[in-house]
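The sequence and structure come next.

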Amino acid sequence: MHVKSLEEPELATVLWRGVQLRCPRCGVGRLLSGYLRQAPACSGCGLETGDIRADDGPPWLTLLVTGHLLAPFMIIAFMTNVMPMWLVTLLMAGLAVGLCLAILPRAKGVFIAAIWKLGAQTSADLTDES
Ligand SMILES: [Zn+2]
């Protein structure tokens, strides 16, 4: 597999690779091996990202983005009365679930990439120190 570059990329590049669920260093290997399960290491460059813990960051970012995307539509729908209330509620609930499912893995990718770039401690680092 072709590895683009092992030079440390810029933060914006790293974050974009996280959104794409790719290795933050090379952009080739996948960050996740399942819907939310982290791959132990990159298949392109061998970077070990499996020990990086994003904890509550991804759900927080997912709800933040989903809420801000849906809020304008909810306000417009409730103020204009273009649809029955039950239909607005059904549509918003469906959109909220769909957006959360779509955004959550990408938010996890962003957090893993940011933690790697910023050099925060991993659970393996914390175990080594004790
Ligand atoms: Zn890689």
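## Cys100 and its surroundings

Cys100 counts as partly exposed because 15 C-beta neighbours lie inside 10 Å. On this scale a residue is buried if 20 or more other C-beta atoms lie within 10 Å of its own, exposed if 12 or fewer, and partly exposed in between, with C-beta atoms placed from the backbone. Cys100 sits in helix 3. Leaving aside residues up to four places away in sequence, Cys100 touches Thr62 and Thr66; a contact means that the two C-beta atoms, placed from the backbone, lie within 7 Å. Between Cys100 and Leu61 the C-alpha to C-alpha distance is 9.8 Å, although 39 residues separate them in sequence.

## Basis of the model

This is a predicted model, in which local features need pLDDT of at least 70 and side-chain atom pairs count only at pLDDT 80 or more, while totals for chains, interfaces and linings use all residues. Residues are numbered from 1 along each chain as its sequence is written.

## Overall layout

The protein chain has four helices and zero strands, in the order α-α-α-α along the sequence. Helices (H or I, at least four residues) and strands (E, at least two) are DSSP runs, numbered from the N terminus. Of the 130 residues, 20% count as buried. Among contacts between residues at least 6 apart in sequence, 56% join residues at least 24 apart.

## Helix 2

Helix 2 covers residues 57–80, which is 24 residues. From first C-alpha to last it reaches 35 Å, close to the 34 Å expected at 1.5 Å a residue; the expected span is 1.5 Å times one less than the number of residues. A kink of about 30° lies at Leu70, shortly before Pro72. The bend is the angle between axes fitted to the seven residues ending at a position and the seven starting there.

Ala77, also in helix 2, is partly exposed, with 18 other C-beta atoms within 10 Å. Its contacts, not counting residues up to four places away in sequence, are Val82, Met83 and Val88. The C-alpha atoms of Ala77 and Val88 are 6.9 Å apart, with the two residues eleven apart along the chain.

## Helix packing

The axes of helix 2 and helix 3 (residues 85–118) come within 7 Å and cross at roughly 150°. Helix 2 is therefore roughly antiparallel to helix 3. Axes are lines fitted to C-alpha atoms over the stretch in contact, with angles from 0 to 180 degrees between N-to-C directions; under 35 degrees counts as roughly parallel, over 145 as roughly antiparallel, 65 to 115 as roughly perpendicular and the rest as oblique. Residues of helix 2 that meet helix 3 include Leu61, Val65, Leu69 and Phe78, and their partners in helix 3 include Met92, Leu99, Ile103 and Phe111.

Helix 1 (residues 11–19) and helix 3 have axes that come within 7 Å and cross at roughly 145°.

## Loop residues with positive phi

Leu21 lies in the loop between helix 1 and helix 2 and has a positive phi near 60°. Leu21 counts as partly exposed, with 18 C-beta neighbours inside 10 Å.

Asn81 follows helix 2, with phi near 55°, and belongs to the loop between helix 2 and helix 3. Asn81 counts as exposed because it has 9 C-beta neighbours inside 10 Å.
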